[in-house]
Amino acid sequence: MALQLRRAALQTLRNTYQRGGHGWPGGSFWAEGTSTGRNGYLFGETPPPAGQKRKWESWEFVFYTGFGISAIMAWLVVNGPDNSLQAWARPHALREIEEEDATFAAYAADEGLQKEMAGRFRQFGKHPDRYYDAVMMRNEFEILKAKHNA
């Protein structure tokens, strides 16, 4: 084991050549003299001569278009229509509540209907005041049936 370590150390000492930074003066991109220094312009770009437009790089159109489309899509997601489940269900729930209120109002106003429904409930062995529960169970059954058929 000691012999192998000694051979590896000697081989490392024999092969001491410069690693990385080939082709750059001073041996590395970050070495002294490789930076051009500040010229006072953004990203070091000098402005074009008077009367000429700056020519875009090949990637600029794609990036600017992509950023613009992304900004529009983000705005549409934030300010677009409300597509939540609650927004969809609210009008349906309000309509069902109005129907139930109309049914209960008719039930409360008609003594004959109350007696008829009380007789039906007694036939089934239920208390007459359970009519509300029966209506709610009917609505729950209709919702489950609609879910199953959809």
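In this predicted model, Tyr64 is classed as partly exposed, because its relative accessibility of 43% lies between the limit of 20% for buried residues and the limit of 50% for exposed ones. The aromatic ring of Tyr64 is paired with that of Trp56, and since the two ring centres are 5.2 Å apart while the planes meet at 80°, the arrangement is edge-to-face. Trp56 is itself partly exposed, with 45% relative accessible area, and its place in the chain is the loop between α1 (2-14) and α2. When neighbours within four places in sequence are set aside, the residues in contact with Trp56 are Phe61 and Tyr64.

Three aromatic pairs are found when the whole structure is searched. Besides Trp56 and Tyr64, whose rings make an edge-to-face pair, Phe63 and Phe67 form an aromatic pair with 6.1 Å from centre to centre and 65° between the planes, which is likewise described as edge-to-face. Why are Phe63 and Phe67 separated by about one helical turn? Both belong to helix α2 (residues 60-79) and are four residues apart in it, so about one turn of the helix lies between them. In terms of accessibility, Phe63 is partly exposed, with a relative accessible area of 44%, whereas Phe67 reaches 56% and is therefore counted as exposed, the cut-off for that class being over 50%. Phe63 and Phe67 also belong, together with Trp59, to one aromatic cluster.

Helix α2 also contains Glu60, which is buried, because its relative accessible area of 2% falls under the 20% that marks the buried class. The side chain of Glu60 comes to 2.5 Å from the backbone nitrogen of Glu57. Beyond its neighbours within four places in sequence, Glu60 is in contact with Arg54 and Lys55. Arg54 is also touched by Pro48, which makes a further contact with Lys53, again with residues up to four places away left out of the count. Pro48 is located in the loop between α1 and α2, and its relative accessibility of 35% places it among the partly exposed residues.

Helix α3, which covers residues 85-109 and thus has 25 residues, spans 36 Å between its first and last C-alpha atoms, close to the 36 Å expected at 1.5 Å a residue.

Helix α4 (residues 111-123) has 13 residues, and the distance from its first C-alpha to its last is 19 Å, close to the 18 Å expected at 1.5 Å a residue. At the N-terminal end, α4 is capped by Asp110, a side-chain oxygen of which lies 3.2 Å from the backbone nitrogen of Gly112. Which residues of α4 are buried? They are Met117, Ala118 and Phe121, and because the buried residues fall within an arc of 105° when the helix is viewed down its axis, they line one face of α4. The face turned away from this buried side carries Lys115, Arg122 and Gln123, which are exposed. After α4 comes Gly125, which has a positive phi, near 80°.

Taken as a whole, the protein contains five helices and zero strands, so that, in sequence order, its secondary structure reads α-α-α-α-α. Where contacts between residues at least 6 apart in sequence are considered, 24% of them join residues that are at least 24 apart.

Notes:
Residues numbered from 1 in each chain as written. Predicted model: local features only at pLDDT ≥ 70, side-chain atom pairs only at ≥ 80, totals over all residues. Heavy atoms only, no water. Phe/Tyr/Trp six-rings, centres within 6.5 Å; stacked < 30°, edge-to-face > 60°. Buried < 20%, exposed > 50% of the residue type's maximum accessible area, 1.4 Å probe, protein only. Helix = DSSP H or I, 4+ residues; strand = E, 2+ residues; numbered from the N terminus. Expected span 1.5 Å × (residues − 1). Arc of directions from axis to C-beta. Polar contact = N/O pair within 3.5 Å; in protein donor to acceptor, adjacent residues only side chain to side chain. Contact = heavy atoms within 4.5 Å.
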